[in-house]
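Here is a structure to read with its definitions at hand.

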Amino acid sequence: MLLQLNNIFKWVNSGGQRIFLLKDINLQVEEGEFISIMGPSGSGKSTLLNVIGMLDGFDEGEYNFLDESVHNLKEKLRSNLYKEYIGFVFQSYHLLDELTVQENLEMPLLYKKVKGAERKAMVADMLDRFNIVGKKDLFPAQLSGGQQQLVGVARALIANPKLILADEPTGNLNSQQSEEIMELFKQLNTEGVTIIQVTHSEKNAAYGSRIVNLLDGRMI
Amino acid sequence: MIKNFFKIAWRNLIKNKLSSSINIFGLTLGISVCVVILIFARYESTFDTFHEKSEQTFRIVQHNKLPNETLYWNTTAYPLAEALRNDFPEVNVVTQIAGPVNRIFKIEDSFENENLFEEPNVLFADNYYSKTFDVEWLAGDKNTALKETASVVLTAKLAKRYFGLSSNNYQNALGKTILLQSKDPLTVTGVIKNPKGNTDHQYNMLIPYEFFKINNPYFSANWSGNYQGTTYVVLNEASQKIDFESKLINWKKKYLNPQDNKRISYHLQPLQEIHNETLYGASPGGYIFPKNILNISIVVALFILLIALINFINLVTAQSHSRSKEVGIRKVMGSKRSHLILQFVFENAFVILFAAILSIVVIQGLIQLLNNNLTMINLKLVFQAIDLLYIALAIFLAIAVAAVYPAVVLSAFKPVQALKNKFNKPVNSKINLRKALVTFQFGMVQLFVIAAIVLAFQMNHFKNSELGFHKEAIVITKSPNYEKATIYREKLLADGGVSKVAFGSGPPMAVNGIQLGTSYRLPEQPEEESMDAEMKIGDLHYLDFFNLELLAGRNFLSNKEVFDEFIVNETFLTSFGWNPSEAIGKKIQINEGQATIVGVVKDFHNNSLQYEISPCILLNWTYYQGNAFIKMSDSNFTALKNIRSNWEDTYSNAIYDYQFLDDAIAKEYTVENMVFTGFGIFSILSVLIGCLGLFGLMSFVIAQKRKEVGVRKVLGASLIENISFFSKEYFHLVALSFIISAPLVYYFMNLWLERFTYHIKLSFWMFLIGGLSTFLIAMLTCSFQSIKASRVNPITALREE
């Protein structure tokens with residue numbers, strides 16, 4: 001088992017009232033799964049993804065990740081955990097505008113203190129695998145949306161994560177580009193990477209092995 | 001990693017051209033001005049410290065206790081040096097100088113043509129001079145050069161001017177003869193280097209002190225006066241000062257008569273303190289740079305640097321909004337906070353270093369500019385290796401304050417919020433740091449602006465106050481020969497363009513540091529009750545020429561070789577409690593003799609306006625009438641040419657020189673003028689730097705609120721409403737900063753003005769002008785950006801999300 005959420009609650013206080021963002025979430029994810037989280041706007045999809053990604057905290061409940069009790073961990077250890085095992089893909093790609101494709105891919109490795117030669121090799125490998133060797137010296141602004149997201153996925157994968165979290169990865173792409181990215185996810189999944197994606201599209205959800213539906217912070 | 005930092009720093013610099021250039025320009029300006037002021041302050045505080053024995057050297061100053069006041073003199077009686085040398089063999093060196101004075105020399109060139117040269121900086125110095133002060137010898141024997149009475153030591157500058165010599169042949173000057181005042185032959189016995197800039201001994205030529213003594217036998221044997229002899233002693237240890245001073249108390253009885261002994265006390269003033277101490281006044285040819293102005297200038301320097309640093313902090317933190325996404329991504333990608341801090345510090349430090357390197361160039365330019373423009377104080381600033389240390393300190397301060405703080409702020413962003421571009425608005429504090437900094441910054445800017453305005457009014461007061469005498473269109477020339485005065489006068493008047501001519505010792509207000517002093521009493525009073533007065537000599541036209549108004553009595557009837565008539569000013573009368581008509585006919589004793597008061601004139605400013613009007617006595621004497629005053633009748637001063645030819649006709653064998661009276665008076669305010677000019681420049685610079693910052697800040701604020709403007713415009717906001725929406729906050733801050741700075745300026749400017757006897761009153765509207773003008777400039781700066789933003793089609797702004 002990769003991770004397990006037990007009775008997770010998350011709320012904010014607004015005007016003396018407690019507004020629940022997540023309500024009694026129970027979720028178990030096995031290694032190798034491909035899960036799609038669906039639901040209308042404001043149902044808590046992204047919040048759930050952020051909680052799973054440990055970018056955001058929660059107020060009540062238990063979260064175990066690879067047999068570590070995340071809810072008991074200090075902030076620092078928690079961030080070490082996600083840095084080691086989780087890769088993120090964003091709707092608006094979130095590539096660094098000042099860095100080239102190659103440099104964007106290299107960045108996570110710098111923080112993991114990977115040695116120079118090894119870093120080069122890993123980046124070259126990734127460029128090769130995604131067929132973007134010719135684009136390595138371009139800046140994000142010089143790429144199409146689909147190509148940018150390709151780089152985004154490559155960056156998420158470069159440090160060999162166990163889990164990829166994707167928040168509407170195709171939200172800004174046209175249908176053809178969307179299809180390419182989803183095919184890529186599917187392929188990665190068959191290679192053993194666990195994927196959790198947030199999506200609006202039934203078509204994209206169909207690529208996954210399981211669908212989790214949310215409404216007003218509750219799983220239905 | 002460092003390579004990566006560098007790359008990102010450089011790309012960001014290029015990407016944000018506007019804010020980068022504002023940052024670099026503002027910081028360069030701040031660092032440069034700060035360092036130049038520090039260099040200037042160091043220069044002014046290290047006068048005469050370069051001499052080898054500088055720390056052990058003291059000037060003997062004289063406190064002169066009179067019934068109505070104590071006078072502090074930087075010169076002593078001439079025989080003092082010799083007496084000290086004889087009675088205190090344990091004292092290392094005693095030296096005495098007189099001058100610098102102005103002399104004329106006749107020199108024969110290689111074609112046997114005789115040329116006249118005027119030299120304003122002739123210093124009479126004894127053979128001990130070069131044992132006390134560092135003099136670099138280029139030719140001649142330093143031990144014997146000033147021993148022979150009829151010898152002269154030239155500086156390299158004069159060796160070049162007189163004999164066309166240069167560094168390889170100064171030897172050739174030795175043995176040549178120059179004629180002092182066309183009669184006394186002096187043999188060149190040495191050539192020395194030109195004096196440095198930061199010394200109060202600005203000589204071009206040294207003539208043995210013995211020569212001066214022989215030619216002035218009366219002065220050089222007189223213990224009562226102070227005249228122009230400056231005495232220095234070199235003690236074996238600086239710590240012997242107090243001991244030596246106390247020895248002098250008993251010792252002086254031996255030479256001074258009982259009255260003088262009671263009145264005069266000798267004190268030692270450390271050589272290194274002379275230039276910054278106002279008590280004893282400037283020595284001839286020198287000037288004083290007061291310690292408190294020195295301190296203020298250092299504070300000003302730091303303030304200007306601070307204003308620039310605040311800009312930097314504000315701009316960088318404002319930019320953080322555009323960097324927040326990056327912070328989020330990097331954190332999600334595994335960056336530690338310390339890593340991000342390091343990255344941002346590096347980035348900021350990169351900009352700071354860039355500015356610092358630029359400032360090295362700017363500083364050189366500014367120094368050159370100062371040296372060229374402040375020739376009246378003979379400024380010779382040099383950029384030394386040690387000044388890099390100042391720059392390094394500025395860099396260090398800048399990095400500590402302006403690089404680390406924004407980096408810490410930036411790196412603290414939480415990844416989720418940062419990615420969503422949600423700003424961590426200061427939740428718990430209503431006082432936002434940026435607002436506080438802007439307020440503080442504009443507080444300082446207004447401090448400078450208001451101070452500059454007050455100084456401008458005070459300078460105007462100095463320049464345009466009613467002085468009690470005429471000063472316009474008056475030229476002063478020398479009148480070296482009393483016998484020829486009448487001829488000169490007639491020639492001048494005959495030629496036209498000249499309406500009046502008078503002769504006297506000096507104009508009503510003492511200029512060029514020359515004032516004749518004497519002491520006065522009633523003949524029946526004992527000598528120790530004598531009080532100090534200024535003595536002026538004027539001819540029969542003097543009163544009419546300067547339009548001095550007689551309150552009682554009459555003008556002189558004639559000038560005599562033994563004077564017998566006095567005209568006194570009103571202030572003089574106060575010492576006896578007389579009214580003007582009472583004073584007429586009273587006999588008064590002064591150092592130079594006795595005479596009867598025949599007239600009383602209304603008070604006029606006989607001292608420059610920093611100082612009070614002092615008792616003044618006019619004598620009908622034929623001596624000391626060394627100056628001619630010439631009033632020109634037309635505003636184009638066409639008479640100047642005639643004056644010269646008439647002068648040269650009358651006094652052949654001398655060099656013509658003239659001065660306008662109002663120029664001479666203006667020179668009395670050199671230091672005040674420097675302070676005013678300084679503050680003027682600093683206030684403009686601070687406004688510039690402050691507004692640069694505001695401009696940059698606004699551009700970010702507006703970039704952030706583009707969407708909001710779009711919405712407002714769609715909903716029907718007008719241009720003015722949009723401007724006020726953006727700028728309101730900053731208007732409030734500038735107004736608040738005025739409230740903070742106004743009382744501070746009030747306090748400090750009062751302190752400054754109180755140093756002057758005649759000063760303006762601070763009034764509300766001076767502050768108002770300063771505050772309003774800063775406010776207006778700030779408003780313009782804000783509006784410029786907001787107008788630009790408001791003009792954008794709202795659709796472009798709204799489409800982005």
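Q: Which residues does B:Ile352 touch, not counting residues up to four places away in sequence?
A: B:Ile352 touches B:Leu27, B:Ile395, B:Ala398, B:Ile399, B:Ala402 and B:Ala403. Two residues are in contact if their C-beta atoms, placed from the backbone, lie within 7 Å.

Q: What kind of model is this, and how are its parts numbered?
A: This is a predicted model: local features need pLDDT of at least 70, side-chain atom pairs count only at pLDDT 80 or more, and totals for chains, interfaces and linings use all residues. Residues are numbered from 1 along each chain as its sequence is written, while chains are lettered from A and ligands numbered from 1 in the order in which they are written.

Q: What makes a nonpolar core, and which residues touch the most other members of the largest one?
A: A core is a set of buried Ala, Val, Leu, Ile, Met, Phe, Trp, Tyr and Cys residues joined through C-beta atoms within 7 Å. Buried means that 20 or more other C-beta atoms lie within 10 Å of the residue's own; exposed means 12 or fewer, and partly exposed is in between. The largest core has 95 residues, and B:Cys34, B:Ile352 and B:Ala451 touch the most other members. Domain 1 (1–47 + 289–425) and domain 3 (435–466 + 668–801) of chain B each give this core at least three residues. The domain bounds come from an automatic or database domain assignment. A second, separate core has 58 residues, including A:Met38 and B:Ile329.

Q: Why are strand 6 and strand 10 of chain A said to stand at the edges?
A: Six strands of chain A form an open sheet in the order 6-7-8-3-9-10, with mixed pairing. Strand 6 (86–89) and strand 10 (218–219) each have a single partner strand, so one side of each is left without a neighbour in the sheet. Strands (E, at least two residues) and helices (H or I, at least four) are DSSP runs, numbered from the N terminus.

Q: How do you know that strand 9 and strand 10 of chain A pair?
A: Pairing takes at least two bridges found by DSSP. Two bridges join strand 9 (residues 210–215) to strand 10, and the strands run antiparallel. That meets the definition. One bridge links A:Leu214 with A:Met219.

Q: Why do the buried residues of helix 3 of chain B lie on the same side?
A: They are B:Leu80, B:Ala81 and B:Leu84. They cover an arc of only 95° around the axis, which puts them on the same side of helix 3. The arc is that of the directions from the helix axis to the C-beta atoms.
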